[in-house]
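This report describes the architecture of a two-chain structure. The sequence and coordinates are shown first, and the description follows.

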Amino acid sequence: MRYLPKSDLERRQMLDAIGVASLDDLYSHLPKDVLLNAPLNLPAGQSEYEIVDYFRARGAENANGYANFLGAGVYHHYRPALVDAVVSRGEFLTSYTPYQAEISQGTLTAIFEFQTMMCQLTGMDVANASMYDGSSAVPEAALMAMRATSRDRVLIARSVHPEYRETLRTYGRFGGLEIGEFDYDRDSGAIDVPSLEARVTDRTAAVIVQSPNFFGIVENIRQAAGIAHARGALLIMVFAEAVSLGLLEPPRDADIVAGELQSFASAPSYGGPFAGILACKEKFLRQMPGRLVGETKDANGNRAFCLTLATREQHIRREKATSNICTNQALVALMATVFMTVYGKEGLRELARQNLSKAHYLGGKLKRRFSGPYFNEFVIHGPESVNAALEKQKIIGGLPLARFYPELEGALLFCCTEMSRREDMDRVAEAFA
Amino acid sequence: MIQKVRSHITQNEPLLFDLSSPGKKGYQLPELDVPDTDPAEALGASNVRREIAGFPEVSEVEAIRHFTRLSTWNYAIDLGLYPLGSCTMKYNPRVNELVARTEGLAWIHPYQPESLSQGALEIFAALETYLAEITGMDAVTLQPAAGAHGELTGIFLIRALLDARGEKRAQVLIPDSAHGTNPASVHMAGYEVVPVPSNDQGMVDTAALDRLVNEQTAAMMITNPNTLGVFEERIRRIAEMLHARGAMLYMDGANLNALAGIARPGDFGVDVMHLNLHKTFSTPHGGGGPGSGPVAVKKVLEPFLPKPRLKREGGQWRWNYDLPQSIGRVRAFYGNFGVLVRALAYILAHGGSGLKRATLDALLNANYLRKRLEPYYEIAYHAPSMHECVFSDRRQAARGVPTGAIAKRLIDYGFHPYTVSFPLIVHGALMIEPTETESKLELDLFIDAMISIAKEIEQDPELVLKAPHSTRTAKVDEVAAARKPVLKWQP
């Protein structure tokens with residue numbers, strides 16, 4: 001086994017030092033009836049070349065060289081070369097959670113920068129060091145609101161990503177959180193305001209709205225927050241397409257922001273690993289789950305960083321913690337940090353504008369289902385059968401929505417990014433013409 | 001004497017925000033091949049932000065230097081032994097990084113047609129099969145994103161099964177040596193935590209357990225080997241005790257690195273467990289993630305696993321959503337696929353006999369360390385060690401030097417510290433897990449460092465108490481950080 005750095009001579013020396021005859025003696029104290037009596041039924045160990053070959057072969061069985069118009073929470077954005085250059089450094093890749101601050105300043109400093117940029121993008125006061133992904137950040141935000149308000153019910157818009165809602169339902173079912181949904185407006189595709197107003201009550205801990213929503217429509221967060229706040233509920237703003245924040249007004253009226261950062265340098269990778277984020281107003285800080293990095297000084301008076309406010313966390317508070325989360329998505333958050341640095345203040349805005357322009361180019365050529373303002377995704381009437389014709393031209397078309405929204409039978413959700421080529425968009429437009 | 005390291009110059013580096021100057025750029029977008037859309041027109045002026053105030057503006061060369069300089073301030077496995085107990089910081093093979101970046105794996109969308117995703121689905125299927133074989137369980141879900149997420153999923157499964165049986169049980173038993181995530185997960189699943197004491201061997205006190213298991217017990221969550229590195233020798237008896245009273249046995253698989261190839265949880269009575277692919281299966285910790293926390297179950301819990309599940313139909317893999325008893329999703333999509341690829345590459349490299357070899361070397365390294373350090377540090381429990389060993393700081397604390405100070409002094413010797421003050425049942429714990437991927441040379445340097453520190457404590461305790469002395473960042477004031485939190489840069 002090539003990852004084991006010992007010679008048999010060294011093993012012998014070590015066994016002698018321990019005072020046992022063989023490696024098997026190291027577990028001879030285990031009861032006989034727990035031991036595995038046969039070798040594991042796995043293929044024989046393989047060389048590096050064979051492993052590379054195996055995964056190339058699997059990769060070749062997937063779509064290769066297709067133009068792709070799928071979004072729905074996972075976006076095809078270009079990954080600057082700097083991203084992999086940075087995260088391939090062993091000092092970032094192979095380090096642990098930075099509990100030992102004196103020898104973890106690299107990771108800690110980067111997380112502090114990440115938290116800062118998350119606040120700048122979202123307009124919130126504080127942001128944590130990352131969550132697993134956008135979908136699991138939603139129930140964590142809901143539970144946070146539940147603790148902050150001492151109420152036990154949340155209302156979530158049907159225009160929030162269906163799989164985020166499913167995740168919330170699972171957590172809610174076992175976590176004592178009652179979940180209600182409110183509808184979207186059939187014309188605009190934005191939240192149906194009367195439907196929300198009719199459902200929000202004095203038991204509502206939070207109202208959860210995504211923007212741009214699952215249909216790509218930009219929501220009026222201020223209005224939704226007003227409705228929630230009038231009944232003493234919090235407003236949780238969810239985002240799945242982080243690039244939109246380059247152009248959209250930050251959700252300053254929200255109390256908690258739960259987002260997905262895949263767009264910032266995570267390859268689609270069949271759905272993960274990505275990174276989630278929670279950000280909030282200062283007054284909810286103590287209810288925030290996850291790790292936080294804070295600024296302080298070292299013994300010589302130099303600026304230094306460390307993990308802080310750990311009394312919210314499981315390793316200190318056990319069952320009284322704000323969440324069970326331990327490992328998060330640090331390296332993916334670092335990728336996002338590098339991505340945000342490369343694009344910067346001007347670049348993120350320009351990137352967002354290119355996404356907007358591409359989507360509006362194709363959106364303008366197709367029969368859109370909703371009239372609300374949209375960023376880089378939009379719903380069209382279909383029909384779904386056109387996808388099969390597109391597939392023959394090596395184009396993966398829009399996402400059929402009927403599986404999530406029976407009332408949208410035939411409708412397709414399309415996404416365009418800076419990587420969408422005009423010629424492919426023209427072929428899509430032609431196919432639906 | 002400090003043998004492993006000597007000081008070298010490291011670069012200072014300001015924060016990104018202090019590097020910024022208006023108009024500096026590190027990017028260039030392609031020229032737009034479609035008409036430009038005016039944001040205010042398309043979105044409404046009130047929806048468009050003026051700027052991202054404070055956002056960095058730096059050049060490409062400053063960006064790469066920034067992050068490279070920061071990286072040199074970190075310790076890492078690539079630099080040496082990382083003996084954090086229960087964290088299993090082992091070598092991360094680079095071929096795993098390479099294959100995870102395969103174009104046809106990294107650039108596939110989770111909603112693309114299943115017919116165009118067969119290679120990805122085959123990877124899920126292979127990994128599920130292999131993990132079931134390694135654990136001796138019947139079915140596996142790869143959906144959970146990390147160990148604690150897997151714990152939560154596993155406890156949800158137990159609750160769903162009990163709900164389906166119409167049984168209202170309110171408690172989960174957890175040994176006092178358990179990881180903090182265990183009680184936190186149980187609490188999030190709506191259960192009350194009941195602690196189980198350990199006996200003088202560091203194992204579960206089965207007499208106490210016998211008194212605690214009753215018709216309110218939904219499950220017991222056990223870590224085996226436990227956080228002391230001790231195998232729970234009465235594990236079969238424990239499982240019988242629970243099963244006889246209608247409760248389930250959950251195993252925290254954080255320490256599976258001690259068992260792979262020699263014993264299987266499924267064979268010793270475990271009903272449900274999670275695995276940490278970023279521990280036993282060597283996917284990189286990355287400074288705190290991403291991880292992956294698959295959950296393996298016995299047949300009885302399979303109908304409740306998160307959806308979707310893989311199904312073979314007409315010679316093709318597909319995702320099956322028609323699972324009426326499923327607890328539902330615990331996250332969007334199917335799991336941390338890129339992490340799963342790396343873990344599968346690890347298993348393929350080892351094969352069955354290689355996994356066993358790795359386990360044996362992990363036991364060898366831990367027992368060698370224990371034997372060599374026992375004359376200098378007090379072993380917490382005399383029971384045999386598996387893959388990690390836990391000492392108490394009793395002897396050193398008597399001289400005024402607690403485990404936390406010894407840990408900081410290790411940094412001066414060029415090592416990352418062990419896990420400090422955990423498990424909680426040990427007085428000033430020093431929890432050491434070397435893993436199998438350490439050479440004898442590296443272990444001997446570590447042992448020499450620990451012995452040298454023990455001697456320093458006898459002769460000059462102040463030297464140890466004031467450590468670290470040689471780091472670019474001196475001792476960090478964590479108390480001040482928590483008293484008045486500064487959590488972001490401000491102009």
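## Chain A

Chain A contains 13 helices and 14 strands, where helices (H or I, at least four residues) and strands (E, at least two) are DSSP runs numbered from the N terminus. The model is predicted: local features need pLDDT of at least 70, side-chain atom pairs count only at pLDDT 80 or more, and totals for chains, interfaces and linings use all residues. Residues are numbered from 1 along each chain as its sequence is written, while chains are lettered from A and ligands numbered from 1 in the order in which they are written.

The C-alpha trace of chain A spans about 80 × 55 × 50 Å along its principal axes. Of its 433 residues, 63% count as buried; a residue is buried if 20 or more other C-beta atoms lie within 10 Å of its own, exposed if 12 or fewer, and partly exposed in between, with C-beta atoms placed from the backbone. Two residues are in contact if their C-beta atoms, placed from the backbone, lie within 7 Å. Among contacts in chain A with a separation of 6 or more, 71% are between residues 24 or more positions apart.

## Helices α6 and α7 of chain A

Helix α6 (residues 134-149) of chain A packs against helix α7 (residues 162-175) of chain A at an angle of about 40 degrees, and their axes are 8 Å apart. Axes are lines fitted to C-alpha atoms, for helices over the stretch in contact, and angles run from 0 to 180 degrees between N-to-C directions. The two helices, α6(A) and α7(A), are therefore oblique to each other; angles under 35 degrees count as roughly parallel, over 145 as roughly antiparallel, 65 to 115 as roughly perpendicular and the rest as oblique. The contact involves A:Gly134, A:Ser135, A:Ser136, A:Val138, A:Pro139, A:Ala142 and A:Leu143 of α6(A), together with A:Glu163, A:Tyr164, A:Thr167, A:Leu168, A:Tyr171, A:Gly172 and A:Gly175 of α7(A). By class, these residues comprise 7 nonpolar, 6 polar and 1 charged, where Ala, Val, Leu, Ile, Met, Phe, Trp, Tyr, Cys and Pro count as nonpolar, Asp, Glu, Lys and Arg as charged, and the others, Gly among them, as polar.

A:Val138 belongs to helix α6 of chain A and counts as buried, with 32 C-beta neighbours inside 10 Å. Apart from neighbours within four places in sequence, A:Val138 is in contact with A:Tyr164, A:Thr167, A:Leu168, A:Ile208, A:Val238 and A:Ala258.

Chain B has 16 helices and 13 strands. Its C-alpha atoms fill a box of roughly 75 × 65 × 45 Å, taken along the principal axes, and buried residues make up 59% of its 491 residues.

The contact between the chains takes 173 residues from chain B and 159 residues from chain A. Helix α11 (residues 337-373) of chain B supplies the largest share of the chain B side, 24 residues. That side has 94 nonpolar, 48 polar and 31 charged residues.

Within chain B, the axes of α11(B) and helix α14 (residues 440-459) come within 10 Å and cross at roughly 30 degrees. That makes α11(B) roughly parallel to α14(B). B:Asn365, B:Tyr368, B:Leu369, B:Arg372 and B:Leu373 in α11(B) meet B:Leu443, B:Ile447 and B:Met450 in α14(B); this contact divides into 6 nonpolar, 1 polar and 1 charged residues.

## Backbone features

Most residues other than glycine have a negative phi, and most peptide bonds are trans. In chain A, the peptide bond from A:Gly382 to A:Pro383 is cis, with omega near 10 degrees; A:Pro383 lies in the loop between β11 (377-380) and α12 (386-392). In chain B, a cis peptide bond joins B:Lys307 and B:Pro308, with omega about 5 degrees, and B:Pro308 is in the loop between β7 (295-297) and β8 (309-313).

A:Ser130, a residue other than glycine, has a positive phi near 125 degrees. A:Ser130 is located in the loop between β2 (126-127) and α6 of chain A and is buried, with 31 other C-beta atoms within 10 Å. B:Phe333 likewise has a positive phi, near 65 degrees. The loop between β9 (316-320) and α11 of chain B holds B:Phe333, which is buried, with 23 other C-beta atoms within 10 Å.
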